[in-house]
Amino acid sequence: MSDKTLTRMDLSESVFREVGLSRNESAQLVESVLQHVSDALVRGEQVKISSFGTFSVRDKAARVGRNPKTGEEVPISPRRVLTFRPSHLMKERVAAGNRK
């Protein structure tokens, strides 16, 4: 597995090279898209990106957990969590990449 991480800078550089916008416009476009996605998730909306996957927010109820070292019961407070479900196409692409 690679230690490489895809960053905002990498995304804006790709937009710059492939779309032909200036570097500044490319960075603004990437920031704008990420802000729209983030805002939708904060509002509790689902974000579906065709051939990529679906981001959604789930509410998890309060529950009792257990410290694995001591066995002591610990209350876990209710919270909202972000989930991602990859599309079938994305799953296939990732699986194909593992066969190299």
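Where does Ser 51 lie in relation to strand S1 and strand S2? The close-up views below, all taken from a predicted model, begin with this residue.

**View 1. Ser 51 in the loop between two strands.** Ser 51 lies in the loop that runs between strand S1, residues 47–49, and strand S2, residues 53–60. The phi angle of Ser 51 is near 65°, a positive value in a residue other than glycine, and the residue is partly exposed, with a relative accessible area of 42%.

**View 2. The hairpin of strands S3 and S4.** Strand S3, residues 63–66, pairs with strand S4, residues 73–76, in the antiparallel sense over four bridges, and Gly 65 has Val 74 in S4 as its bridge partner. Six residues stand between the two strands of this hairpin, and in the turn Gly 71 has a positive phi of about 80°.

**View 3. Ala 95 in helix H3.** Ala 95 lies in helix H3, which spans residues 88–98, and counts as partly exposed at 29% relative accessibility. Computed along the chain in residue numbers, Ala 95 and Gly 20 are 75 residues apart in sequence, while their C-alpha atoms are 32 Å apart in space.

Methods
Residues numbered from 1 in each chain as written. Predicted model: local features only at pLDDT ≥ 70, side-chain atom pairs only at ≥ 80, totals over all residues. Heavy atoms only, no water. Buried < 20%, exposed > 50% of the residue type's maximum accessible area, 1.4 Å probe, protein only. Pairing = 2+ DSSP bridges.
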